[in-house]
Amino acid sequence: MADLDPATTALLTVECQNGVVGEESALPELAKEARDSGMLDRVAALVEAARGAGVQVLHAVAERRPDGLGANANARLFRAAGKLPVRQLTGSPAVQVAAPITVAEQDLVLRRLHGLSPMAGTDLDALLRNLGIRTLVVTGVSSNIAIPNTVFDAVNLGYQVVVPSDAIAGVPAACTAEVIRNSLSLVAAITTAEAVLAQWTPAPIVAVVNDAGRPEPSGGH
């Protein structure tokens with residue numbers, strides 16, 4: 001995995017919102033997998049570490065107007081979403097970022113009313129370019145649809161993409177491993193949340209006793 005320079009790297013969370021991965025999800029199977037696998041906790045840890053390292057954090061949220069104006073209706077997925085008991089309506093709790101992930105003042109939240117990807121037809125590419133970003137770390141859901149779309153779009157636009165394999169989720173659980181092995185690994189750097197955290201978390205300062213018996217700081221330089 002390439003060096004994740006905070007000056008040129010951003011962290012993106014994809015559809016980590018209450019109506020998708022929260023307790024009142026419209027997609028309970030996906031929400032359960034996101035929680036039970038530890039994915040949500042790992043994404044939350046990555047978000048905190050990114051902020052501490054000076055890495056820009058962005059949250060991509062999918063929503064729709066109550067009247068559905070502008071939303072897609074050209075696929076089964078879109079038509080089914082309009083009939084679910086929990087709808088991702090603009091301004092509702094369903095489109096708020098789900099705990100334990102937090103949103104800080106310096107984070108950017110991108111909301112879209114259409115499509116399958118946070119990048120196609122949104123402000124994401126322009127914002128990343130204005131920020132001088134060249135590497136995008138992609139996390140969230142789902143490995144079935146939104147994550148591959150995000151990765152492919154980012155690669156097509158010239159970004160280096162990094163995917164922590166344990167910070168994305170889909171259903172069934174086995175789907176994630178297959179998508180990574182057969183698709184994402186061909187275009188993105190596949191790593192783990194732990195490896196990314198290691199780059200963004202300062203090394204602890206360890207006291208070393210010198211020959212005179214006095215402690216000297218070591219590490220964390």
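Is E48 buried, partly exposed or exposed, judged by its relative accessibility? At 43% relative accessibility, E48 is partly exposed, where buried means under 20% relative accessible area, exposed over 50% and partly exposed in between (1.4 Å probe, protein chains only). The model is predicted: local features need pLDDT of at least 70 and side-chain atom pairs count only at pLDDT 80 or more, whereas totals for chains, interfaces and linings use all residues. Residues are numbered from 1 along each chain as its sequence is written, and side-chain values use heavy atoms, with hydrogens and water left out.

Across the whole structure, a search finds 10 salt bridges, each defined as a side-chain nitrogen of Lys or Arg within 4 Å of a carboxyl oxygen of Asp or Glu. One of them joins the side chains of E48 and R51, at 2.9 Å from N to O. The two residues lie 3 residues apart in helix α3, so about one helical turn separates E48 from R51. R51 is buried, with a relative accessible area of 17%. Salt bridges with shared partners connect E48, R51 and D107 in one network.

R42 also forms a salt bridge, with D166, at 3.7 Å between the closest N and O atoms. This pair links distant parts of the chain, 124 residues apart: R42 belongs to helix α3 (residues 39–53), and D166 to the loop between β5 (160–164) and β6 (168–169). Helices (H or I, at least four residues) and strands (E, at least two) are DSSP runs, numbered from the N terminus. R42 is partly exposed at 27%, and D166 is partly exposed at 24%.
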